Amino acid sequence: MKWIFGTLSLLLLGLIFRLNLLVYAMYALLGILLLSRFFTRHWTEKIIVRRRCSGDVFEIGETCEVTVEIENQGSLSVPWLLIEDALSRDALSETPRRLKINGGRLKLIRLARGETAELEYEVTFLTRGYFQLGPLLLETGDVFGLHRRFRVAGEPHFALVLPKVLPLQGYNLASRRPLGEIRVTHRLFEDPTRLAGVLPFQQGDALNRIHWRATARTGELHSRIYETSRVAGATFLLDFHAHSFQDRNGMISAELAIIAVASLANAVFLMGQQIGFVSNGRDAADRIREEGWRAEFLTRAAAQRASEPLSNDRLSPVRVENGKGIDKLQQIFETLARLELTDGLNFSEMISASISQISRDATVIAVLHHVTPETAIALGELARRGFLVTAVVVAFDSEPIPDWARPPEWANLLLAHGIDFRLVNSEEAITNLCAEAIVR
């Protein structure tokens, strides 16, 4: 556009002062500019982009092969075309790195009429996440370099990388008190290890229920009454607020928290129990751009901004309802894979927003990195409402707390509200998390 304004200004100047040579030159330049705009628009509009990827769901360490086909369906040849497949700048620049690229994502090509070119590269996923591969950025222009045009073409591909799942050691699937056992108010079956009281013997009571000591003391037959209980699984509450992970090892602790939830959920699933999930993080799927992949732009920066995902200002908790089965476990894994740190609801606000939807028939396992008085109060309120609550505090590379050590401040906050807790400072600590039952 600046070339046109400059040309028109010089043309007007030549007409005023009757500079015939300048007027002739500006007419020629103006014609070249108009033709270049026509040709570049025609070239970009006739480019068709197709993308092929080797999969949709991956494990950490797996590789996705990406092939992008660029076809010129126009009636004119494209003298030069600069193509670049867009990837998340954060994923490439963050420490530790989240993606490893093998091959070139940037290529300069020439396309004759009806010709097809390919761009091939490989992406290795180093961490869990929800990664956008593409769209393709196209740049072309006239041979004089007077006018350039940019376009975003080809819908992107979204790759879901599931979190790491560690096997938990030291728990018995046939245990009477495995992870997640709670008391319930309605009768399901009786636990013979929990004596609730003694009542006079009634016809039909089994002989093994007779309380012989009470019978001997009173001279009348009495039967034992046991508490009702069941194994009902767990609901995981994950604090994924950005302010909770601002220390030096915050990002590593955040990923360790994801691994802890995934591993615990898998263990509960293997025992045939129900699982559920609630977090104040944000779902990366909410940032998917549903349109705008074929727009044209006057600058490369504008085209790059259009290729990036949308912002996410969601303030409601991310929730997976309690349930059983492999589908429910897979849903939690996929939600954990897409979860991102948030600056919205803090942990106590998340509990207030979702407490009516938390199952009372499951142990509440809160996975935290930073324990504040507000957090401890919120968990204590859950316990006072009848929920069985346990906290898993994730702090990468922190010192384990021996049984004889003086509890730190965050531990005292939890203990003051009657909240049992476990400390996780490494992946090895996660595998030993259930060496003793997490709910005692």
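Predicted model: local features only at pLDDT ≥ 70, side-chain atom pairs only at ≥ 80, totals over all residues.
Visitor: How many helices and strands does the chain have?
Guide: The chain has 11 helices and 22 strands; these are DSSP runs, with helices (H or I) of at least four residues and strands (E) of at least two, numbered from the N terminus.

Visitor: And how many aromatic pairs are there?
Guide: The count is 6, where rings of Phe, Tyr and Trp (its six-membered ring) pair if their centres lie within 6.5 Å; planes under 30 degrees apart count as stacked, over 60 as edge-to-face and the rest as tilted. One of them is stacked because the rings of phenylalanine 39 and tryptophan 43 have centres 5.9 Å apart and planes at 25°.

Visitor: Where do phenylalanine 39 and tryptophan 43 lie?
Guide: Both are in helix 2 (residues 20-45), 4 residues apart, about one turn of the helix.

Visitor: Is tryptophan 43 buried or exposed?
Guide: Tryptophan 43 counts as buried, at 9% relative accessibility, whereas phenylalanine 39 is partly exposed at 30%. Buried means under 20% relative accessible area, exposed over 50%, and partly exposed in between (1.4 Å probe, protein chains only).

Visitor: Which residues form an aromatic cluster?
Guide: Phe58, Phe125 and Phe131 form one.

Methods: Residues numbered from 1 in each chain as written. Heavy atoms only, no water.
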